[in-house]
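Let's take a friendly walk through a protein chain. Keep the picture beside you as you read, and look up each residue as it comes along.

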Amino acid sequence: MTNSVKLRYLPRRSWDVCDFFSTARIERINDSNSVKNKLWKDLYTEYDARHLYRAIHNRCLIRTSEFKRYLKDWVNDEARHTEGFIFLMVSILGENKQNLEDKLEQRKHDFSQIDSILCNEFRLLTAIGFDELVTCRAYAEDRGFYHQFDVQELNGWLRHLIADEAVHFQNAVYILKRCHSHRLNEVKSVLDDLLGVRNIKSEYQYTGTFIMDYFGDEYTSELLEKCYNTFLRVVGCYEVNSQFGNSEPRKSNRVL
Ligand SMILES: [Fe+2]
Ligand SMILES: [Fe+2]
């Protein structure tokens with residue numbers, strides 16, 4: 001795209017989890033650990049957004065009205081996704097809703113591993129934007145998973161899930177360009193820090209931070225590499241090479 005395309009902040013998409021699931025006839029399956037593990041992981045990582053939201057406020061990291069609005073929309077969307085995954089675990093697996101909510105509340109959250117990200121609005125927004133792109137593409141890989149249930153409403157659910165994550169990604173890029181344009185040449189180093197945590201420390205454990213939830217079969221190195229290159233290209237500061245982490249800074253006017 002060219003510079004003539006104007007970026008704008010996209011408002012929250014209008015849809016409700018109940019729209020899909022109130023009419024869906026989903027057959028219960030009882031003995032599928034793989035389905036249970038997959039849905040539970042998606043559920044708790046969505047749920048973790050509210051803890052990241054609190055950590056951001058506790059650390060007073062919001063500097064612009066744009067980011068303030070973004071976070072409010074974002075945390076409400078992630079709450080909507082949480083609600084959807086709870087519904088799925090109840091209806092597909094026969095889980096008890098209250099038990100799930102209790103289990104979610106009992107999880108621990110440790111943000112110390114991402115202290116270098118949780119230090120200012122620019123670094124945080126870069127990390128969240130990248131995370132949203134990865135999540136968007138990882139959910140797109142889930143089409144086969146949802147097809148197995150042969151329920152039309154689940155396709156609609158997945159489409160909305162993917163579209164919400166795409167909006168989160170695009171709005172993060174919008175704010176980076178609008179409010180942090182003087183720091184865009186630092187985006188690559190932020191991503192390298194993020195991925196360094198995952199790739200270099202093989203002992204890395206997800207600690208309920210929402211960011212860095214890159215585990216599970218969908219999160220391949222290829223997926224992360226594609227997202228890394230896409231993010232740098234869309235932010236528009238780099239010529240992107242095919243080799244992961246090997247991009248060279250350039251001056252550019254490219255926009256989304
Ligand atoms: Fe989400
Ligand atoms: Fe999201």
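Asp150 counts as exposed, with 9 C-beta neighbours inside 10 Å (exposed means 12 or fewer other C-beta atoms within 10 Å, buried means 20 or more, and partly exposed is in between, with C-beta atoms placed from the backbone). You will find Asp150 in the loop between helix H7 (143-147) and H8. Its phi is near 55°, a positive value in a residue other than glycine. Most residues other than glycine have a negative phi.

Cys60 also has a positive phi, of about 50°, although it is not a glycine. Cys60 lies in the loop between H3 and H4 and is exposed, with 7 other C-beta atoms within 10 Å.

## About the model

This is a predicted model, where local features need pLDDT of at least 70 and side-chain atom pairs count only at pLDDT 80 or more, while totals for chains, interfaces and linings use all residues. Residues are numbered from 1 along each chain as its sequence is written, and chains are lettered from A and ligands numbered from 1 in the order in which they are written.

## The overall layout

The chain has 10 helices and two strands (DSSP runs numbered from the N terminus: helices are H or I with at least four residues, strands E with at least two). Starting at the N terminus, the order is α-α-α-α-α-α-α-α-α-α-β-β. Of the 256 residues in the chain, 34% are buried.

## How H6 meets H8

The axes of helix H6 (residues 121-140) and helix H8 (residues 152-179) come within 8 Å and cross at roughly 155° (axes are lines fitted to C-alpha atoms, for helices over the stretch in contact, and angles run from 0 to 180 degrees between N-to-C directions). That makes H6 roughly antiparallel to H8, a label for angles over 145 degrees.

## The nonpolar core

Which residues touch the most other members of the largest nonpolar core? They are Leu125, Ala127, Phe130, Leu191, Leu194, Ile211 and Phe231, out of 57 residues in this core (a nonpolar core is a set of buried Ala, Val, Leu, Ile, Met, Phe, Trp, Tyr and Cys residues joined through C-beta atoms within 7 Å). H6 gives the most to this core, with 11 residues.

Leaving aside neighbours within four places in sequence, Leu194 is in contact with Ile117, Ala127, Phe130 and Met212 (contact means C-beta atoms, placed from the backbone, within 7 Å). In soluble globular proteins, nonpolar side chains tend to be buried together.

Key. Parallel < 35°, antiparallel > 145°, perpendicular 65-115°, else oblique. Contact = placed C-beta atoms within 7 Å.
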